[in-house]
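Let's learn to read a protein model by asking about one feature at a time. Keep the picture open while we talk.

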Amino acid sequence: MPGKRESRWVVLWRKVALTALGIMCPEIQLSMGASQWVGARRCVKDFASLSTAAGPVDDPEHQSTTNPVASELEKEEKKEVIDMPKAFYIDMGGFRVKPKDGECFPVNGKEMYWLVKEGWVQQPLFKPSMVEDKNKVDPLLRVITILQISYFLVGVIGRWAQHLFVTTAELTTVSFIFCSVLSAGFWWHKPCDVVAPETIEIDKTLEDIAERAPRDRRWQLTPLDFTSRDEWWWSKVWWNYLNILRRIGFNFGSEASEGGAVDRIADSVQRPLPRLQQYIMLAMTAGCHAIFFLAWDHAFPTWIERTIWRIVCLLLMGTMVVGLAISQAAQAYEAVKKPIRSWSWNLSRTVPLTQQTERPKPARFRMARYPRAQAIAERIDSYFDGIRNNSLNGDPDLKLPLKVILPLYVLGCFYMFSRSYILIEDAIGLRQQPASAYATVEWQKFWPHLG
């Protein structure tokens, strides 16, 4: 969903950048599809719970004085079923909310659910055939694409079955297909190329919204993000990477308006995944990486290229395993560290002040007598603060400890090196191929009647 102030060229450039991201990191695109599918499923369940909570009318007096036929018709009119296409439309920012005293801003599924639950927005949200009219993708085009992909896969399987040489470029294409088919499955019900969101005016002010938010929390994305903001370890890491790409011209995020709210919900958002879905995503990513191991004993032009290919295969699988281990260890460490901090604080309050010993101050405070050294220490500390949280507005929800982000930077470099080498080898490896690489599959060996 484009922002209201974005030009056509900005939208086109973002699509080009997302395509480049899909080529370099197809697993990221897969995780985006999985997280958005989980968000849409949650939206469906949330709105279904609203209709269930409303329930039938149990007032006998009301039932006796009301025409039963009219009551049923009224109930059907008020009842709105939110299916997956509508849930995707809501969660991708298809609706904008405009307070009485502020600019409109996009809302996701959880925020819209909160608005409807609180009675600030009334259902039905959708007009008849509204999502179908905005969707630019023809189902027939998707079917034709699937048939083309299937034809290529059948050809590769046929070459492998007849012991014909399969190039690394073909294996790389198979890995792209593996991720693309899974992503298309997650996005099957998602409307495509929607450019005109719907605006809903609410009879509330920004102050009314702020009164419902926690006192110690300032919103970062929209005034309603207190109802939906739920950053998890992968989303924090992902936003850290995206902010690095933003600084070199690849902007996948959302720009804030003058009032401070974002103008669109980013396509690259990573919704929290339940534990089971995380394991499923891990298995899918491992399957994508395992495809490259099929070229372990391929006839590469040189032995150096074959050795580097083997190292790259191990690096791809290793970065996934080590990255997951680091993140899980960091989460476990924080879970243990937090109650220990609380316990030590409570213990210190029970000790009389006369018996408490002063804790040693950090090095940058102990160096106060050396102004130059203190300035250098503060500069280094400020630099590391920028690594821990490199968001544009210093969003506290996106802060990461150095012990997590620095190793993940190293793993990211290994991953990008591996992906880059695979694409380079796909091109330069074509200079010298076995003769069977140019042979075609003899389908008559599988089905003699075709001959």
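**Pockets, a cavity and helix pairs**

The second largest pocket has a lining of 40 residues, with Ile28, Trp234, Trp238, Tyr241 and Tyr415 lying nearest its centre. Keep in mind that this is a predicted model.

Q: How much space lies in the second largest pocket?
A: About 1,100 Å³. To see who builds a pocket like this, look at which helices supply its lining. Here H1, H2, H11 (233–247), H12, H13 (303–350) and H16 (402–428) each give at least two residues.

Q: And how do the residues of that lining divide by class?
A: For the second largest pocket, 30 are nonpolar, eight are polar and two are charged.

Q: What about the largest pocket: how much space does it hold, and which residues lie nearest its centre?
A: That one holds about 1,500 Å³. Its lining counts 45 residues, and Gln29, Arg142, Trp187, Lys190 and Cys192 are the ones nearest the centre. Sorted by class, the lining has 28 nonpolar, nine polar and eight charged residues.

Q: Which helix gives the largest share of the lining of the largest pocket?
A: H9, with eight residues. Helices H1 (8–24), H2 (26–54), H5 (84–91) and H8 (139–161) join H9 in supplying at least two residues each.

Q: How many cavities of 30 Å³ or more does the structure hold?
A: A cavity is a space from which the probe cannot get out, while a pocket is open. The structure holds one cavity of 30 Å³ or more, and the volume of the largest cavity is about 60 Å³. Among the residues lining the largest cavity are Phe165, Thr168, His298, Phe300, Glu425 and Gln432. By class, that lining has four nonpolar, five polar and one charged residues.

Q: Now for helix pairs. At what angle do H9 and H12 pack?
A: For any pair, check the angle and then the distance between the axes. H9 (residues 168–186) and H12 (residues 275–290) pack at about 155°, and their axes are 8 Å apart. An angle over 145 degrees counts as roughly antiparallel, so H9 and H12 are roughly antiparallel to each other. Their crossing is right-handed.

Q: Which residues meet where H9 packs on H12?
A: From H9 come Ser175, Phe178, Cys179, Leu182 and Phe186, and from H12 come Met284, Gly287 and Cys288. The residues of this contact split into six nonpolar, two polar and no charged.

Q: And at what angle do H9 and H16 cross?
A: Roughly 130°, with the axes coming within 8 Å. That angle makes H9 oblique to H16. The crossing of H9 and H16 is left-handed. On the H9 side the contact uses Thr168, Ala169, Thr172 and Phe176, and on the H16 side Arg419, Ile422, Leu423, Glu425 and Asp426. By class, the contact of H9 with H16 has four nonpolar, two polar and three charged residues.

Q: One last thing: how far apart are Ile326 and Ile405, in sequence and in space?
A: Ile326 and Ile405 are 79 residues apart in sequence, yet 9.4 Å apart in space from C-alpha to C-alpha. Ile326 is found in H13. Leaving out residues up to four places away in sequence, Ile326 touches Lys403, Val404, Pro407 and Leu411.

Conventions:
Residues are numbered from 1 along each chain as its sequence is written. This is a predicted model: local features need pLDDT of at least 70, side-chain atom pairs count only at pLDDT 80 or more; totals for chains, interfaces and linings use all residues. Side-chain values use heavy atoms; hydrogens and water are left out. Axes are lines fitted to C-alpha atoms, for helices over the stretch in contact, and angles run from 0 to 180 degrees between N-to-C directions. Helices (H or I, at least four residues) and strands (E, at least two) are DSSP runs, numbered from the N terminus. Angles under 35 degrees count as roughly parallel, over 145 as roughly antiparallel, 65 to 115 as roughly perpendicular and the rest as oblique. A crossing is left-handed if the near helix is turned anticlockwise from the far one by less than a right angle, and right-handed if clockwise. Contact means heavy atoms within 4.5 Å. Ala, Val, Leu, Ile, Met, Phe, Trp, Tyr, Cys and Pro count as nonpolar, Asp, Glu, Lys and Arg as charged, and the others, Gly among them, as polar. On a 1 Å grid over the protein atoms alone, a cavity is a set of points where a 1.4 Å probe fits but cannot get out, and a pocket is an open set with protein on both sides within 12 Å along at least five of seven lines; lining residues have an atom within 4 Å of a point. Grid points are joined across faces, edges and corners, and a volume is the space filled by probe spheres set on the points.
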